[in-house]
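I'd like to walk you through some cross-links and contacts in one structure, so let me put it up.

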Amino acid sequence: MKVSQKDSEKIVWDQMRSPSGAAITAQNRALPKLMVWLILFVSVTYVVYTLKLVSTSRACDGDPFFITTPRQSLSSSVIAPNTTVVSSPSIRNQTVQNPPPPTELRHIVFGIAASAKLWNQRKEYIKLWWKPKEMRGIVWLDDVVNKSLDDNLPPVKISGDTSRFSYINKQGHRSAIRISRIVSETLRLGMTNVRWFVMGDDDTVFVTENLVRVLSKYDHNQYYYIGSLSESHLQNIYFSYGMAYGGGGFAISYPLARALDKMQDRCIQRYPGLYGSDDRMQACMAELGVPLTKELGFHQYDVYGNLFGLLAAHPVTPFVSLHHLDVVEPIFPNMTRVQALQKLMDPMKLDSAGLMQQSICYDKTRSWTVSVSWGFAVQIFRGLFSPREIEMPSRTFLNWYRKADYTAYAFNTRPVSRNPCQKPFVFYLSKARFDYSANRTVSEYARHRVPHPACRWKMADPADLNFVEVYKKADPKLWTRSPRRNCCRVLQSKKGGMVVNVGVCREAEISEM
C-alpha cells in the first residue's frame, strides 16, 4: 500500500504522542541533567578533599614530614629523648624533637699542652682563667712535676709514649707528636656529656664566656674544626692558611674527635717530616675532609714587642684568647705579665662580650678623634681621622722574625705616625665597676704619662686631660646580633677629664667626621 509523504508525517507525529514516543523524549532530556549532577558531585568532592588536606597540613615552620602514630601502638613505641607528644584536633600523637639545651661551659673539655720545665712559671697563666667548679679539662705534661694541693688548677696527666712514631724534621722537636695526640687522649678518658674539645697551650689565656658564645653558633653534632690563623703571613705560607694554630686555641666537635681518634695514629705515621703539632692535626683534618672554620677571636699572636696596636683595634668579633704571653710585653705598662692580665679580669667580669671592642667617635668642638677599646685603653688623636684608618692596627709590634716589615702580616696595618701632632695620647684602664643605680658599667682610664713631642698646631691639647671615664651598659647578647661596632658619644667633660658613652648604635647613627 502506498503511503504518501503527508501520511508518513502523521504516523511519526502519532508515534511521538504515543507512550513509547514520550519515553524516548524524556530519555533525551534526562541525559544532560545527569551530566550536570555528575560534574557537580565531582566538584564538591574535590573542594571538600582540598579543605581537609589544608586543615591537616603542617605549619610553615615545622618539620617537612611527619608521621602520625596510631593510638593503639603509641604505648608500645619508644619515644626518643628530648621529644614531646603533640595532641590537637587535626594531629594526634605526633612526636616533635625539642631543640637541645644551649652550649654551656660544662659541655666543653679542655686539653692543655704543657712542659714540665716551664710548669711552675706558666701555671700562673692557667690560674687566671680556670674555674675548677665549672670547667673540665686536663693538663698534659711530658714528665712528672711536683704536685701541689692547688684547687685552682685542672688535673695533671702524663702523655702517652710516642716513641713508636717517626719524626725526621731537623728544625722541630718530637714533642709535637705528643701534643698533637692530646685531643684523642682526652677523648679516651670517657667523659660524658661532652660537645667540644678545646686545645690550648699553658701560656694561653681564654675568655671562656666568649668561647662559649662562639661555639654556641655551631651544631656540635656535626664535624667542626674551629680556630684561627697566625698573624704572620710567612708562618701561614710555611705551614698553611687552612690550619688552626694551637697556641691561640682551637675547638673540635665531639663527633669529629671520635673520627680523629680512629685514624690519628695511622695519620701521624704518614707525616714524619712535619714540624709541629698544629700541622699534624691539620693534615689529619685534610684526610677527614674537614676544613678550618675561622673565628678571628682566637689569637696566636706570632709577634714580638708591644701588643697595643692589635688590642686597641680588635676586629668586630668576640675576644676569645691570647697567646705567647712570655714573648710579648705586658699588656699594661709598669706591671708584670700576670699582674697585667689580672687587671684585665675586672672588665671581663663586668661585660665579657664587650671586652676589647673598639668604638670610634669625635669631639668636634676640639677636633679630636677618640678611639675606645673597652676594658683596655682609650686613644685621643689631634685632628679627625676616618674610621677606616683608626680600625687598622698601628704597628707597635715586630713580626715573628723580629722585623718591622708591614708586608709580613696577614691583615692590614698602619704605621705609627711620624708627625709629632698626630701621636695619640693613650689612657690605660685604671679601674672598672658596676653602677647599680644607673644599671651600667663605669670604667676609668688614666693617661699614660710619657714625653710627647712639641706640636705647633693651634688647637686644644689632650695633654690637659688626666683621665677618661666611659659609661657602658653590659650587653651579653651583643654577639647574637649581626656584627657591628658599638658607637660612642663624647659627653660633657668633667674637670681634668673626658666623659664618653659607649653603646649600641642608635637609628641612623654613624661614626661621622
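Before anything else, a disulfide here is a pair of cysteine sulfur atoms within 2.5 Å. Keep in mind that this is a predicted model.

With that in hand, take Cys421 and Cys455. Their sulfur atoms sit 1.9 Å apart, so by the 2.5 Å cut-off they form a disulfide. The angle about that S-S bond is 110°, and the link is right-handed. Cys421 is in the loop between strands E16 and E17, while Cys455 is in the loop between E18 and E19, so the bond ties together parts that are 34 residues apart in sequence. Are those two cysteines buried or exposed? Cys421 counts as buried because its relative accessibility is 3%. Cys455 comes out at 22%, so that one counts as partly exposed.

How many disulfides does the structure hold? Four. Another one joins Cys361 to Cys488, with 2.1 Å from S to S. This one is left-handed, because the torsion about its S-S bond is about -110°. Cys361 belongs to strand E13 and Cys488 to strand E20, so the pair ties together parts 127 residues apart in sequence. Both Cys361 and Cys488 are buried.

Now look at Cys487, which forms a disulfide with Cys505, sulfurs 1.9 Å apart. That link is right-handed, with 95° about the S-S bond. Cys487 lies in strand E20 and Cys505 in the segment after strand E21, so here the tied parts are 18 residues apart. Cys487 and Cys505 are both buried. If you number the bonded cysteines in sequence order, the pairing reads 1-2, 3-7, 4-5, 6-8.

On to charges. The count comes to 18 salt bridges, and I'll show you some of them. Arg122 pairs with Asp203, the closest N and O atoms being 3.9 Å apart. This pair links distant parts of the chain: Arg122 is in helix H4, Asp203 is in the loop between strands E6 and E7, and they are 81 residues apart. Arg122 is buried, since its relative accessible area is 16%, and Asp203 is buried too, at 3%. There's also a network here: Arg122, Asp202, Asp203 and Asp326 are linked by salt bridges.

Next, Arg164 and Asp265 meet in a salt bridge at 3.1 Å, N to O. Arg164 sits in the loop between strand E5 and helix H5, and Asp265 in helix H9, so the pair ties together parts 101 residues apart in sequence. Asp265 has 22% relative accessibility, so it counts as partly exposed.

Asp475 and Arg481 make a salt bridge as well, at 2.5 Å from N to O. Asp475 is buried, given a relative accessible area of 12%, whereas Arg481 is partly exposed at 38%.

Last stop, the surface. Which residues form a nonpolar patch there? Met35, Leu38, Phe41 and Val42, with about 420 Å² of accessible area together. Leu38 counts as partly exposed because its relative accessibility is 47%.

That's my tour, and I'm happy to take questions.

How values were computed. Residues numbered from 1 in each chain as written. Predicted model: local features only at pLDDT ≥ 70, side-chain atom pairs only at ≥ 80, totals over all residues. Heavy atoms only, no water. Patch = residues over 30% accessible without salt bridge, like charges linked within 9 Å, V, L, I, M, F, W, Y side chains within 5 Å. Areas by Shrake-Rupley, 256 points an atom, 1.4 Å probe, with all protein chains shown as cover. Salt bridge = Lys/Arg side-chain N within 4 Å of Asp/Glu carboxyl O. Buried < 20%, exposed > 50% of the residue type's maximum accessible area, 1.4 Å probe, protein only. Helix = DSSP H or I, 4+ residues; strand = E, 2+ residues; numbered from the N terminus.
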